[in-house]
Amino acid sequence: RREARAIARRAHPNVVTVIDRGEWEGRQFIVFEHVAGENLKAVSVREGPLPVARALALACQIARALAFAHDLGIVHRDVKPHNVLLDGSGTAKVTDFGIARALDSDDALTATGTVLGTGQYISPEQANGERGDERSDQYSLGVVTYELLTGRVPYSGDTLMAVAMQHVRDPVPSVRALRPDVPERVDAVVARAMAKGPQDRFGSMESLAAALE
């Protein structure tokens, strides 16, 4: 119900459309549009580092989708390539707002102290149990962009906690250290999106989208 409410009001070319929702024998269900394709993680694993122009185009589409959601007062909070579907034309569509929250929401399910999000893409503030906002989505998209450009995530470890602490404490790795052909401006955009302090990131997802474009 929460996910359906979060996204049913929206229509955007880079967001998977909710067609209907209901209940069957006590279980909630959501009907989405069918996206004939695969998720972005599968593409990244199969193809490795993507051409710079393609990686930036996909990141920009994701950013536009999230900016649209933010304008409606919704934070995704679980931005990762698994939650981005590519249709037959290669267009990115963001899905799975299952732990999204309204910006003005203040309920027990999203209370401070609850860690939500996926470890390899989680923002430092979410890893610390703080409430994520639009800038948390921005950080996670920075991680996704880093992965599209390098073929790997910036931090890895044996446990979720180990990875989360790297997001909190370790410096942001340079894209160009792994891939020197990436322009310095692109490396700078990714580094700013992944700044440890939310105040040091872009002012909005729209600003990040413009920088990527």
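Predicted model: local features only at pLDDT ≥ 70, side-chain atom pairs only at ≥ 80, totals over all residues.
**First stop: α3 and α5**

Select residues 52-71, which form helix α3, together with residues 134-150, which form helix α5. Their axes come within 10 Å and cross at roughly 165°, so α3 and α5 are roughly antiparallel to each other. Turn the view and you can follow α3 as it passes α5 in a right-handed crossing.

Now show the side chains at this contact. From α3, pick Val 52, Ala 55, Leu 58, Ala 59, Ile 62, Ala 63, Leu 66 and His 70. Their partners in α5 are Glu 134, Asp 137, Leu 141, Thr 145, Leu 148 and Leu 149. Colour this contact by class and you will have 10 nonpolar, two polar and two charged residues.

**Second stop: α2 and α5**

Zoom in on Leu 40, Lys 41 and Ser 44 in α2, which meet Val 144, Glu 147 and Leu 148 in α5. This contact of α2 with α5 divides into three nonpolar residues, one polar and two charged.

**Last stop: a charge and a ring**

Finally, select Arg 192 and Phe 202. The charged end of Arg 192 sits over the ring of Phe 202, at 4.2 Å from the ring's centre. If you go looking for aromatic pairs, a search of the whole structure finds zero.

Methods. Residues numbered from 1 in each chain as written. Heavy atoms only, no water. Axes fitted to C-alpha atoms, helices over the stretch in contact; angles between N-to-C directions. Helix = DSSP H or I, 4+ residues; strand = E, 2+ residues; numbered from the N terminus. Parallel < 35°, antiparallel > 145°, perpendicular 65-115°, else oblique. Left-handed = near helix turned anticlockwise from the far one by under 90°. Contact = heavy atoms within 4.5 Å. Nonpolar A, V, L, I, M, F, W, Y, C, P; charged D, E, K, R; others polar. Phe/Tyr/Trp six-rings, centres within 6.5 Å; stacked < 30°, edge-to-face > 60°. Lys NZ or Arg CZ within 6 Å of the ring centre and 35° of its normal.
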